[in-house]
Amino acid sequence: MIGPDGRLSPGNVGRLSRAPWWLLALGLAGAVFAWRAATSEVYSEILSRILSGLWVTLTVTAVAFPLAVALGLATALGLVSPHPVRRNIATLYVQVARGVPVLVQIFIVAFVLVPLGVQGIHWIGGEAVAGLRDSDVPMGARVVAALVCAYGAFEAETVRGGLTSLARGQAEAARALGLTQRQALRHVLLPQAFRRILPMLGNDLISLLKDSSLVSVLGVRDITQEARLYASANFRYTESLAMLTFFYLALTLLLALGVKGLEQRYRRHAA
Amino acid sequence: MDGADGREVVIEARGIVKRFGAVTAVGGISLEIRAGRVTAILGPSGSGKSTLLRCLNFLEVPDAGEVVFRGQVVRARDRELDALRSRVGMVFQQFNLFPHLRVLENVALGPRVILGKSADEARALARGLLARVGLSDKADAHPSQLSGGQQQRAAIARALAMEPAVLLFDEPTSSLDPELTGEVLDVMRALARDGMTMAVVTHEVAFARAVAHEVLFMDAGQVVERGPPEKVIDAPSGERAIRFFSRPATP
């Protein structure tokens with residue numbers, strides 16, 4: 001709760017109570033897993049299976065997130081635009097993409113939009129592209145497209161929130177100086193908005209990393225799919241899911257620490 | 001177009017009207033700001049002084065009337081406004097420095113991005129201007145590390161960096177304590193001495209009396225007195241101005 005000094009988190013407390021005990025607890029759990037992996041055959045096998053899926057989890061996240069932020073940025077500029085057509089298109093996209101479950105969006109992209117797109121390419125390209133088939137579009141790419149579509153809507157709201165949180169005087173000073181709309185965004189407004197929304201972007205990145213597990217519904221072998229396959233083939237659900245959980249936690253915690261580091265770098269002058 | 005005293009009219013307002021809902025903030029005001037002259041706009045709070053000033057660079061788009069810059073009527077289109085604003089500097093009550101940029105970069109941004117100067121050129125220019133406002137030692141600081149007076153002086157340097165034809169000051173000292181007010185007014189006095197064309201909305205009557213060539217006294221969206229300071233401030237004719245200027249002098 002709020003302390004007597006009006007701070008949300010304890011301001012002036014001893015070193016011991018400020019220490020990140022939760023991190024220590026997780027570290028201990030990690031050590032137990034490492035020890036089990038080194039000594040137990042089952043665990044070391046699960047470990048190697050999950051490691052083989054790690055690349056997929058990391059690439060899906062690393063490709064989808066920047067694209068989602070880019071889409072979100074473009075959409076956010078539409079949301080704050082005085083131009084009614086742009087604003088309505090952006091709002092329509094946000095409401096639709098935010099209102100449909102990510103899993104459903106994955107199915108729609110994978111089984112409706114991709115076949116439609118391939119048909120369209122055939123229709124336009126004729127003989128030259130007759131060899132193109134649905135199966136030429138990898139499932140991984142379909143998932144990435146769906147995640148970008150779903151998360152673009154969240155990033156749009158995040159960026160919009162950042163922009164509207166800036167004092168009006170900033171935009172006024174930028175325009176009064178003679179900066180064009182684009183220059184004002186590029187040099188004055190977006191850099192400040194970005195610093196403010198960093199914690200939210202971090203949240204969304206972590207959330208996207210977790211949702212990358214949805215690729216498994218299309219049979220793409222990420223860490224979730226690998227753990228599930230191993231578990232059902234060997235009836236080792238407890239061990240597999242424990243190891244899988246540990247991996248997600250390790251990844252999300254690393255990301256959280258990274259975001260926190262960035263935040264601290266920018267905090268001093270964020271004003 | 002030349003004014004009566006042979007000085008070029010840099011910026012001119014013709015019959016400016018600005019309404020906010022049912023309230024008429026500026027009720028049809030004309031004014032001329034001549035090269036090398038300081039025009040002070042005084043008046044009680046809510047009399048429309050700031051709105052009038054903000055109409056000159058279209059931060060408020062007038063509902064009626066024209067703004068004429070160096071003989072050209074300015075139309076409220078993006079490209080024309082950007083061009084106008086790059087020639088008309090503005091200094092705000094809240095300074096509005098860019099908090100994510102160091103002081104030097106705040107000043108260098110306009111010349112670099114708008115005037116297309118190289119980064120080195122823009123920085124050299126900015127250093128010169130910071131020296132002029134007495135902030136050479138703060139070039140690498142962030143705005144949040146500066147006092148209010150220092151921030152406002154940096155904001156003046158930022159406006160000067162565009163080599164404006166006229167500088168608009170919107171209550172530049174109203175959020176400063178008396179000590180800091182002094183250092184900002186000193187910089188403005190030096191600018192006036194160097195022949196800078198300025199329009200200043202202010203509550204600093206003593207400053208207006210000492211520095212301004214022309215004073216406009218506004219009340220309820222109208223200019224009710226205008227003329228040299230010794231007339232408007234020391235011997236006003238209207239009841240409202242007499243009451244306003246007879247209050248105890250501010251330091």
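**Entry 1**

I started with strand β3 (residues 38-42) of chain B, which pairs with strand β9 (residues 214-219) of chain B in the parallel sense over four bridges. Strands here are DSSP runs of E with at least two residues, helices are runs of H or I with at least four residues, and both are numbered from the N terminus. I count two strands as paired if DSSP finds at least two bridges between them. Looking up B:Ile41, I found its bridge partner in β9(B) to be B:Leu216.

A note on the source: this is a predicted model, so I kept in mind that local features need pLDDT of at least 70 and side-chain atom pairs count only at pLDDT 80 or more, while totals for chains, interfaces and linings use all residues. Residues are numbered from 1 along each chain as its sequence is written, and chains are lettered from A and ligands numbered from 1 in the order in which they are written.

Next I traced the whole sheet: it is open, has six strands in the order β6-β7-β8-β3-β9-β10 (chain B), and its pairing is mixed. Its edge strands are β6 (88-91) and β10 (222-227) of chain B, each pairing on one side only.

**Entry 2: the four-stranded sheet**

I found another open sheet in chain B, with four strands in the order β2-β1-β4-β5 and antiparallel pairing. One side of β2 (23-34) and of β5 (72-73) of chain B has no neighbour in the sheet, because each stands at an edge with a single partner strand. Strand β4 (residues 64-69) of chain B runs antiparallel to β5(B), joined by two bridges. B:Val68 has B:Val73 in β5(B) as its bridge partner.

**Entry 3: two helices in chain A**

How do helices α8 and α10 of chain A cross? The axes of α8 (residues 181-211) and α10 (residues 237-267) of chain A come within 10 Å and cross at roughly 170°. Axes are lines fitted to C-alpha atoms, for helices over the stretch in contact, and angles run from 0 to 180 degrees between N-to-C directions. That makes α8(A) roughly antiparallel to α10(A) (the term covers angles over 145 degrees).

I then checked who meets whom: residues of α8(A) including A:Leu198, A:Leu205 and A:Leu209 meet residues of α10(A), among them A:Leu251, A:Leu255 and A:Val259. Contact means C-beta atoms, placed from the backbone, within 7 Å.

**Entry 4: between the chains**

Last, I looked at where the chains touch: 19 residues from chain B and 18 residues from chain A take part. On the chain B side, α2 (78-87) and α3 (103-113) each supply at least two residues.

Technical notes
Parallel < 35°, antiparallel > 145°, perpendicular 65-115°, else oblique. Contact = placed C-beta atoms within 7 Å.
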